[in-house]
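Dear colleague,

Please find below the structure for your files. My notes on its aromatic residues follow it.

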Amino acid sequence: MKRYKLYFLLIIITALNGCGDFLDINEDPNNPGIDNAPASLLLSGVQVDMSESLGMQVGGLGQITSLYMHQIVRRGSLNDYGVSGNDGGITNPWDNLFANVLTDVDILINDAEASGQLGYSGVGKLIKAYTYSIMVDVWGDVPYTERGLGQENPAPVFDDGEDIYAEVHLLIDEAIADLSSDTPGEVEGDLIYGGELDEWIRFGNTLKLKMYNQVRLVQNVSTDVQELMDADMFIDDIEFDFELNYGTSQSPDDRNPGYSQEYAEGAAFYSVSPYLFEIMTGRQTFFPQEGNPLNGISDPRAPYYWYNQLSPGEDAENPTSYKVGEFVSIYAFSFNIDPNEGFDQSSSKSILGLYPVGGAYDAGEGGTASFSVGRGDAPLRMLTYYDVLFIMTELANAEVIAADERVLFEQAMIAAFNKVNEVASAASAPTISDADRNDYIDEVLAIFDGANQDDRLRLIMTEKWIASFGFGVDSYTDYRRTGYPLLHDGNTDNLNVTVRTRDYPVSLPYNINDISLNPNAPPQRRTALDKVFWDN
């Protein structure tokens with residue numbers, strides 16, 4: 001796997017970041033700034049901003065979506081599906097995606113087309129397409145056709161999400177045509193693929209496959225999917241994963257933002273969800289009636305997913321809400337209910353580990369989390385080889401493609417384990433043996449073999465959810481599409497410290513600052529009612 005370091009760009013990117021108003025790409029002739037930046041720096045800045053907008057740290061979409069998908073938990077209203085258009089988890093990524101990522105990528109595309117640098121324009125169009133696909137997935141209708149006109153139109157309309165999806169498909173086609181041209185030119189400053197245009201083409205086709213799968217319940221996508229399958233130009237190895245690789249430097253800090261947040265002395269902002277813990281350790285203490293689909297199966301990836309600060313037999317620093325062995329956490333839906341919620345557990349609770357943010361591998365010895373443990377260089381995984389295989393498995397389950405569902409499912413799980421081992425190897429941590437991996441997969445496949453079509457889908461989506469830990473955005477989309485994996489419900493878990501008072505959010509609210517200033521903006525989204533177009 002190629003590693004493209006970004007620390008040397010951080011100071012320059014900070015200085016060049018787009019500083020215009022929301023949806024504004026005005027040029028100030030007296031302060032040209034980013035409009036005159038080299039294409040390589042524009043591209044690097046866009047990629048860093050995009051990753052930070054989607055990451056798991058506070059201010060990234062991965063925070064709220066990982067909370068909603070019960071991969072992490074923390075005290076507060078988000079504990080009970082509470083979110084508003086004022087929350088930083090909404091305003092920060094919204095502003096960053098519009099004011100920085102999309103504004104700067106438009107400059108990159110326009111300059112590249114004008115100068116005939118089709119490699120840059122193709123890469124820029126794919127980043128724009130990916131960004132818009134994510135924004136539609138979480139917000140539904142957003143500005144598209146009138147975005148970025150500045151003073152010509154400071155109040156853009158919000159386009160229908162379905163229409164944007166159609167435009168995104170056309171944009172991907174344009175991008176692939178640019179990248180496939182005879183003279184695309186060299187692309188520098190590419191922190192994702194190092195300027196390898198074939199890898200960008202693979203990503204473009206994979207993005208199309210992902211989007212077709214996401215609309216399959218409301219559109220007939222069989223022909224389109226088959227054409228992509230026949231071309232067979234997808235991300236087909238972890239070498240081609242669409243991800244931003246972070247580094248280990250502290251000054252300037254180019255580490256995974258989730259690591260920088262969680263491993264600062266005394267920070268430990270998030271807790272790992274007991275729900276994820278119980279699924280991966282084969283328990284079912286508080287599951288709904290359907291139970292844990294992986295009951296009794298111990299997942300060997302657990303030491304890579306969270307780090308236990310307690311050593312064997314050690315007591316927590318204060319009374320705990322949830323403790324199993326050295327694992328310490330809190331329940332979702334327990335805000336202002338749990339009698340132990342006021343006690344500090346910052347040096348006792350289990351926190352994000354090596355795989356999601358580059359934290360510590362859990363060797364079972366304990367120790368307070370700090371920057372002296374872990375490295376922080378785990379990538380933000382946005383679209384991966386295991387994603388491709390899980391998507392194909394789902395399409396085979398739905399009979400959209402004629403393929404062996406079981407074979408694809410096994411390959412997807414193997415790819416997911418390989419990804420964990422890749423991250424572990426980069427950090428000089430132990431890797432999962434083939435024997436341990438195969439034992440786990442064999443146990444899962446034994447359940448799969450005896451399941452009906454719907455229960456097989458539940459297993460597929462549960463395994464994909466586990467593999468995606470660290471990038472909750474797509475898991476949030478998958479759950480709303482399929483209803484899987486089944487999630488923790490504070491009203492059916494038979495616990496006396498949990499109560500769910502809100503319905504599940506089927507979309508995120510808009511940034512209140514922008515819709516209040518835009519007379520053409522729609523009403524604020526009713527998060528429990530206003531679905532994205534593909535959600536039936």
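**Aromatic residues and the core**

Arg 456 lies over the face of Phe 448, 5.9 Å from the ring centre; a charge counts as over a ring if NZ of Lys or CZ of Arg is within 6 Å of the ring centre and within 35 degrees of the ring normal. Arg 255 is placed over the face of Phe 371, at 4.1 Å from the ring centre.

This is a predicted model, in which local features need pLDDT of at least 70 and side-chain atom pairs count only at pLDDT 80 or more, while totals for chains, interfaces and linings use all residues. Residues are numbered from 1 along each chain as its sequence is written, and side-chain values use heavy atoms, with hydrogens and water left out.

The structure holds 38 aromatic pairs (Phe, Tyr or six-membered Trp rings with centres within 6.5 Å; planes under 30 degrees apart are stacked, over 60 edge-to-face, the rest tilted). The rings of Tyr 132 and Tyr 144 are edge-to-face, because their planes stand at 75°, with centres 4.7 Å apart. Tyr 132 is buried at 0% relative accessibility, and Tyr 144 is buried at 16% (buried means under 20% relative accessible area, exposed over 50%, partly exposed in between; 1.4 Å probe, protein chains only).

The rings of Tyr 304 and Tyr 361 form a tilted pair, with centres 4.9 Å apart and planes at 50°. Tyr 304 is buried, at 3% relative accessible area, whereas Tyr 361 is partly exposed, at 26%.

Ring pairs also join Tyr 275, Phe 277, Phe 286, Trp 306, Tyr 322, Phe 327 and Tyr 331 into a cluster.

Yours sincerely
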